[in-house]
Amino acid sequence: MTAESGTHTGRAEVDSPVSGTPTLVLCAVDEPLATAWAGFAGRAGERVQVHRGSVLDVVAQAIVSPANSYGWMRGGIDAVYARAFPEVEQHVRSAVLAFHGGELPIGEALIVPTGETEPAWLISAPTMREPGERLPADTVHPYLAARAVFQLWRDGRLDHGPVRGTVDTIAMPGLGTGVGGVAASTCARQVAAAWAEVFGARHAQ
């Protein structure tokens, strides 16, 4: 998979010093999620930041799609992505078919080009199997999706080298907090747990 050229300008810059973790920008357009994100970021240090606004306002090399397992991008934040990046749904669906037999399991993630220069990449990490699925109160899908994103950054490869060599900053919306109905506090707690598991508890104290 290779990046494709294009333009997308006008976003706020985010500091991204080189380290063993990406800069993670947690995005929220509603106050409950922003507050929940802030609680996680306050414990995690400078590598985790909160942006009150759209994911698309952040300067990042990669954005996270809290997708369904089939790669359809017709609702919620995925529909916003599909409008902003007209080629990206086909890229996701093609990758799901080519590498996962048509269904990307919850707990796994893949990375595809957006067709733009910035953000150049979209990380698809399912929070639900079927489009529009309402998740139960005791779901662990935000944790599984976040862990898949972080593992992909740490271990994944693009055609030209490791993901971590290309992606310094990841912009992440709520995982399952829209159509899925996951409580903001539940999402933040599970993303924090995934961050601690993949990058070490020292990053989430």
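Guide: Two residues are in contact when heavy atoms lie within 4.5 Å. By that criterion, and not counting residues up to four places away in sequence, Ser 54 touches Cys 27 and Val 29. Please note that this is a predicted model.

Visitor: Where is Ser 54 placed, and why does it count as partly exposed?

Guide: Ser 54 belongs to the loop between β2 and β3. Buried means under 20% relative accessible area and exposed means over 50%. The relative accessibility of Ser 54 is 24%, so Ser 54 counts as partly exposed. Its C-alpha atom is separated by 9.9 Å from that of Leu 26, 28 residues apart along the chain.

Visitor: What makes Leu 175 buried?

Guide: Its relative accessibility is 0%, and because buried means under 20%, Leu 175 counts as buried. Leu 175 is found in the loop between β8 and α6. Not counting residues up to four places away in sequence, it touches Val 64, Pro 66, Thr 127, Pro 142, Ala 145, Ala 146, Val 182, Cys 187 and Val 191. The C-alpha atoms of Leu 175 and Ala 146 are separated by 7.9 Å, with the two residues 29 apart along the chain.

Visitor: How many of the residues count as buried in the chain, as a percentage?

Guide: Of its 205 residues, 54% count as buried. The chain has 6 helices and 8 strands. Among contacts between residues at least 6 apart in sequence, 69% join residues at least 24 apart.

Visitor: How do you know which strands are the edge strands of the open sheet?

Guide: The open sheet has 6 strands in the order β2-β1-β8-β3-β5-β4. Strands β2 (48–52) and β4 (110–113) each pair on one side only, and these are the edge strands. Neighbouring strands of this sheet are turned by 25° against each other on average, direction ignored.

Visitor: Which way do the residues of β5 point?

Guide: Trp 121 and Ile 123 point one way, and Leu 122 and Ser 124 point the other way. In a regular strand the side chains alternate between the two faces of the sheet. These residues of β5 are all buried.

Visitor: What does helix α1 touch in the sheet?

Guide: Helix α1 (residues 31–44) packs on the sheet and touches β1 (23–28), β2 and β8. The direction of α1 makes about 160° with that of β2.

Visitor: At what angle do α4 and α6 pack, and which classes of residue form their contact?

Guide: Helix α4 (residues 141–155) and helix α6 (residues 184–199) pack at an angle of about 35°, their axes 8 Å apart. The crossing is right-handed. By class, the contact has 12 nonpolar, 3 polar and 3 charged residues.

Visitor: Which residues touch the most other members of the largest nonpolar core?

Guide: That core has 46 residues, and Leu 24, Trp 37, Phe 40, Phe 150, Met 172 and Val 191 touch the most other members. At least two residues each come from β1, α1, β3, β5, α4, β8 and α6. In soluble globular proteins, nonpolar side chains tend to be buried together. The contacts of Met 172 include Leu 24, Trp 37, Phe 150 and Val 191.

Visitor: Which residues of helix α2 are buried, and what covers them?

Guide: In α2 (residues 76–84), Asp 78, Ala 79, Tyr 81 and Ala 84 are buried. Their cover includes β3, α3 (88–100) and β5.

Visitor: Which peptide bond is cis?

Guide: The bond from Glu 118 to Pro 119 is cis, with omega near -5°. Pro 119 lies in the loop between β4 and β5.

Technical notes:
Residues are numbered from 1 along each chain as its sequence is written. This is a predicted model: local features need pLDDT of at least 70, side-chain atom pairs count only at pLDDT 80 or more; totals for chains, interfaces and linings use all residues. Side-chain values use heavy atoms; hydrogens and water are left out. Two strands pair if DSSP finds at least two bridges between them. Helices (H or I, at least four residues) and strands (E, at least two) are DSSP runs, numbered from the N terminus. Axes are lines fitted to C-alpha atoms, for helices over the stretch in contact, and angles run from 0 to 180 degrees between N-to-C directions. Buried means under 20% relative accessible area, exposed over 50%, partly exposed in between (1.4 Å probe, protein chains only). A crossing is left-handed if the near helix is turned anticlockwise from the far one by less than a right angle, and right-handed if clockwise. Ala, Val, Leu, Ile, Met, Phe, Trp, Tyr, Cys and Pro count as nonpolar, Asp, Glu, Lys and Arg as charged, and the others, Gly among them, as polar. A nonpolar core is a set of buried Ala, Val, Leu, Ile, Met, Phe, Trp, Tyr and Cys residues joined through side-chain atoms within 4.5 Å.
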